[in-house]
Amino acid sequence: MSSQDTSTIYNQDIVIRLCKQDNNNMYVLHRALTQQLIKNRNAHTKTRSEVRGGGRKPWKQKGTGRARAGSNRSPLWRGGGVIFGPRTKKHKNKINKKEKQLALRILIENKFKSTIITEDFIGELNKPSTKAIVNSLKKYNLDTNITNNILIIVSKKSDNLYLSTRNLKNVELLNANHINILSLLKANQIIINKDALNIINKTYYD
């Protein structure tokens, strides 16, 4: 794929490699997003052959005055099978590893203007503190009360950092090796640790 050729941006000793512009980029991005959004259908209703019981004829064929019936698990009966109900279905939409990496690189490039790269976002947290996260975001002129979505990418998220951010509905915390298409698309602002940036370069560019 010729679209995988990269250029390099230098900013305060921080290096990020970007993809060349290509007309096929949006197609690859759409494929990667579609693959992530696919959800397997788990609802599963039982047909009359799967419902337990119903082996004996409820009453004789003639002479009772009632409508003939061969099983009490008929879809017409309460407790019987379901006609045309939802069934478990597995959807497959395979995407190559290199295509997915390319899609992530495209998004990183598109979001570069709204990305803040920092040496260390908040340092070591001795205990969970949502207030500390909010104060750290204010240093970058980011307000959690505004509806903008904020994505924080770190090299490795600690328990205290996770507990501190999960209360903020418009803040998402991700490990650098677990970034995904949907999270990047939703984010209006992205904060990346320098260590996380090195992991991104190693994981998605090598």
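Is Leu-173 buried or exposed in this structure? Leu-173 turns out to be buried, with a relative accessible area of 9%; buried stands for under 20% relative accessible area, exposed for over 50%, and partly exposed for whatever falls in between (1.4 Å probe, protein chains only). The model is a predicted one, where local features need pLDDT of at least 70 and side-chain atom pairs count only at pLDDT 80 or more, while totals for chains, interfaces and linings use all residues. Residues are numbered from 1 along each chain as its sequence is written, and side-chain values use heavy atoms, with hydrogens and water left out.

Now for the overall layout. The protein chain has 6 helices and 6 strands, where helices (H or I, at least four residues) and strands (E, at least two) are DSSP runs numbered from the N terminus. Going along the sequence, these elements come in the pattern β-β-α-α-β-α-β-α-β-α-β-α. Of the 206 residues in the protein chain, 35% are buried. The accessible surface of the protein chain is about 13900 Å², and carbon and sulfur atoms account for 47% of that; such areas come from the Shrake-Rupley method with a 1.4 Å probe, and for residues only the protein chains shown count as cover. As for contacts (heavy atoms within 4.5 Å), take those in the protein chain between residues at least 6 apart in sequence: 64% of them join residues at least 24 apart.

Next comes the sheet. Four strands make up an open sheet in the order S3-S6-S4-S5, with parallel pairing; two strands count as paired if DSSP finds at least two bridges between them. At the edges sit S3 (115-118) and S5 (171-175), each of which pairs on one side only. Neighbouring strands here are turned by 20° against each other on average, direction ignored. Helix H6 (residues 194-205) packs on this sheet and touches S3, S4 (150-154) and S6, with its direction at about 90° to that of S6. Axes behind these angles are lines fitted to C-alpha atoms, for helices over the stretch in contact, and angles run from 0 to 180 degrees between N-to-C directions.

The pairings can be followed strand by strand. S3 and S6 (residues 189-193) run parallel and are joined by 4 bridges. Across this pair, Ile-116 stands opposite Ile-191, and Thr-115 has Ile-190 as its bridge partner. S6 also pairs with S4, again in the parallel sense and over 4 bridges, with Leu-151 opposite Ile-190. S6 is mostly covered, as 4 of its 5 residues are buried.

That leads back to Leu-173, which lies in S5. S5 is mostly covered too, with 4 of its 5 residues buried. It is parallel to S4, and the two pair over 5 bridges; in one of these pairings, Val-154 has Asn-175 as its partner in S5. Leu-173 and Ile-153 are 20 residues apart in sequence, but their C-alpha atoms are 6.1 Å apart in space. Leaving out residues up to four places away in sequence, Leu-173 touches Ile-152, Val-154, Lys-157, Leu-161, Tyr-162 and Thr-165.

What about the nonpolar interior? In soluble globular proteins, nonpolar side chains tend to be buried together. A nonpolar core here is a set of buried Ala, Val, Leu, Ile, Met, Phe, Trp, Tyr and Cys residues joined through side-chain atoms within 4.5 Å. The largest one has 25 residues, and Ile-153, Ile-179 and Ile-200 have the most contacts inside it. H2 gives the most to this core, with 6 residues. Ile-179 touches Leu-104, Ile-108, Ile-153, Leu-174, Ile-200 and Tyr-204, again not counting residues up to four places away in sequence. There is also a second, separate core of 15 residues, including Val-134, Leu-137, Leu-142 and Ile-191.

Since 10 of its 14 residues are buried, H2 is largely enclosed by the rest of the structure; among the buried ones are Leu-104, Ile-106 and Ile-108.

Finally, two loop residues. Phe-84, in the loop between H1 and H2, has a positive phi of about 55° although it is not a glycine, and Phe-84 is exposed at 85% relative accessible area. Asn-141, in the loop between H3 (130-139) and S4, has a positive phi of about 60° without being a glycine. Asn-141 is exposed, with a relative accessible area of 71%.
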